[in-house]
Amino acid sequence: MESWQFPQGVHPNTSKPAIEPMASEASVPKREDFANLALEGPEPPSLSYELIGMLRKAVRYRSADKHFTLSVCAMSILHSLFPILEWSKSYSLKSFRSDIMAGLTLASLSIPQSIGYANLAKLDPQYGLYTSVVPPLVYTVMGTSREIAIGPVAVVSLLLSSMVQKIADPTLDLASYRKLIFTVTFLTGVFQFAFGLFRLGFLVDFLSHAAITGFMGGAAIVIGLQQLKGLLGLSHFTSNTDVVSVTRAVWVSVHEPWHPENLFIGCSFFLFILGMRFIGRKNKKLFWVSAIAPVLSVALSTLMVYVTRADNRGVKIIQKVDAGINSSSVKQINLNGPYVTECAKIALICAVIALTEAIAVGRSFSVINGYKLDGNKEMIAMGFMNVAGSLSSCYVATGSFSRTAVNFTAGCKTAVSNVVMAATVMVALELLTKLLFYTPVSILASIILSALPGLINVQEVCILWKVDKMDFFTCMGSFLGVLFGSVEIGLSVAIGVSFAKVIIHSIRPQVQILGRLQGTNIFCNIKQYPMVCQTPAVLTTRIDTSFLCFINAKFIRERITGWVTEKLDEIRSVVLDMSNVANIDTAGLAALEELREELLSHGIQMAIASPGWQVIHKMKLARLIDGTGEAWIFLTVGEAVEACLASKKVKGGDLEC
């Protein structure tokens, strides 16, 4: 196809200069010829072409200049799946020393937190430690983040316990409950891997930032209320997560015999951990103080209970923690049972929440260190590590913000710090589990409580209120849903409000009246720029939606016809600026045809300016251009307005602006 030569040496489909940037006057198209450019462009890419392009992006070759061979393709896939093959080439002994120190510091925080989160997930303590061994090792070879710390987290632990216990009660049948947890973990990994493989990361975006802010805040309060059982040393407690049920359970329990020693131990070490954290924040060189505070609290409280034998006076203790590294759980995964559908629903929710938290954490620290996090590779890595974890007695793992912050502050250089942390946890599983027998349950509650303030972002909620009220209501909807309903209700409200916001904006897009900025060929919204002047005989409008379709076509047509009706005696032409409309469907085409016929019945000419690639192509196929007329399709709004004025022989005074 013959290509046009454009002024200023710029090709229309690229940002690269043309071969002859200084074109002669004879080669530059005349002013009236520019209108033809909107009609004479090539056909847009077909759907099959776009799908093939997506597959090509999914598997990129390492080097575009290399000739395609099977070995090059295999190496490309290997380097794509295992980023460690790239960064390990420049790995140095200095980086290894930094990673060792960061990994040991990370382990001191991970061990007590993992035990506490296992308790929150209603699993035995060793399963939390298992989850800090296998998933971090898998992530190290497949992940793209240098700082993220992998392991169990509070929100996912709460999600699992609150939803899975509706299928199997862990207090009555712990074995069945454990099998369901491993099945959910396996399916979570499968979903995450599929998201990354098919580049479905947009599914994670269904939970907006505002929804996540509210959900995390509500979940943090629910988790904190759940810790009252361990903090008060209660034997019986509600399995519900809403604030009303928990408050009622606490009120009933405190009127029964209970042991205040549990509360004393938990509150004392809670204040100790917060104090150490304050010291660490005040003096950056003492960051390790806040990192070792949880493990130090476990050691001191365990020694205190053992020496005083406080367990004989009602202090709840962990008791037995199975020694040894991860055992196989392959036979416990049941994909043919009666609850597979329920497990898949839970797994999908956990997959989205875990990915949202991990990618948000990873990106926040990658920006600080000036490198790009590959979201699709992260999803594949998360999927692999959770599948591997489900086969080795682990439950759902993801990136933890608190532990990642410690890892970053400790000076980690690469994901090798996760390997050091996992190795340290292995040693603890082999040698130190017997020492945890007298660890009080209240100390685990205090460790979890100390990690919760980071999940509640009051400042962000205030910003949402100032900037976008709809986002604020989304945030509060998910927050209150989690707090007074359940985790599922909170998520449902968050997704529902987010979708409602998108649908409202799609149904009622902005349709603006434009005016010319005096002395220029620039057309602006008259409400935003009151100084612009309008041509009374020509109604110039801009449709601000990327997709003119069945959901908004009627609204747009009625809005324009309403303006025309108001000034029917003055208006002689209507110009539609469609520069923002990237695509259109049959309902949109029908709306344009109906609008043209209605305007024509009043003797008003309709002109279309700057239609998109897909739009003009579909208008040709639908023969809408034949009705409108090729002469009334323009490249710019200015050309369309001038043509309308010239055709109606408007007085010269209307042309000046």
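User: In which loop is Arg 623 found?

Analyst: In this predicted model, phi of Arg 623 is near 60°, a positive value in a residue other than glycine. Arg 623 is found in the loop between helix H25 (613-621) and helix H26 (624-628).

User: Is Arg 623 buried or exposed?

Analyst: The relative accessible area of Arg 623 is 62%. Exposed means over 50%, so Arg 623 is exposed.

User: Where is Lys 122 placed, and how does its relative accessibility class it?

Analyst: Lys 122 has a positive phi of about 60° although it is not a glycine. Its place is in the loop between H5 and helix H6 (125-130). Because its relative accessibility is 28%, Lys 122 counts as partly exposed.

User: Which residues lie nearest the centre of the second largest pocket?

Analyst: The second largest pocket has a volume of about 1200 Å³. Its lining comprises 42 residues. Those nearest its centre are Asn 119, Lys 122, Thr 171, Lys 229 and Ser 235.

User: Which element gives the largest share of the lining of the second largest pocket?

Analyst: The elements that give two or more residues to the lining of the second largest pocket are helix H5 (93-120), helix H11 (228-232) and helix H19 (441-451). By residue type, the lining divides into 15 nonpolar, 17 polar and 10 charged. The largest share, 4 residues, comes from H5.

User: What kind of aromatic pair do Phe 437 and Tyr 438 form?

Analyst: The count of aromatic pairs comes to 12. Phe 437 counts as partly exposed at 33% relative accessibility, whereas Tyr 438 counts as buried at 18%. The ring centres of Phe 437 and Tyr 438 are 5.0 Å apart and their planes stand at 70°, so the pair is edge-to-face.

User: How far from the centre of the Trp 465 ring is the charged end of Lys 469?

Analyst: The rings of Trp 465 and Phe 472 have centres 4.9 Å apart and planes at 70°, so this pair is edge-to-face. Trp 465 counts as partly exposed at 42% relative accessibility, while Phe 472 is buried at 16%. The charged end of Lys 469 sits over the ring of Trp 465, and its distance from the ring centre is 4.6 Å.

User: How far apart are the end C-alpha atoms of residues 286-307?

Analyst: UniProt, in an unreviewed entry, places the feature "transmembrane region" at several spans, including residues 263-279 and 286-307. Residues 263-279 are 100% helix, with end C-alpha atoms 24 Å apart. Residues 286-307 are 95% helix and 0% strand, and their end C-alpha atoms are separated by 30 Å.

Key. Residues numbered from 1 in each chain as written. Predicted model: local features only at pLDDT ≥ 70, side-chain atom pairs only at ≥ 80, totals over all residues. Heavy atoms only, no water. 1 Å grid on protein atoms, 1.4 Å probe; cavity = no way out; pocket = protein on both sides within 12 Å on 5 of 7 lines; lining within 4 Å. Points joined across faces, edges and corners; volume = space filled by probe spheres on them. Nonpolar A, V, L, I, M, F, W, Y, C, P; charged D, E, K, R; others polar. UniProt positions renumbered as here; feature names shortened; annotations may be inferred. Buried < 20%, exposed > 50% of the residue type's maximum accessible area, 1.4 Å probe, protein only. Phe/Tyr/Trp six-rings, centres within 6.5 Å; stacked < 30°, edge-to-face > 60°. Lys NZ or Arg CZ within 6 Å of the ring centre and 35° of its normal.
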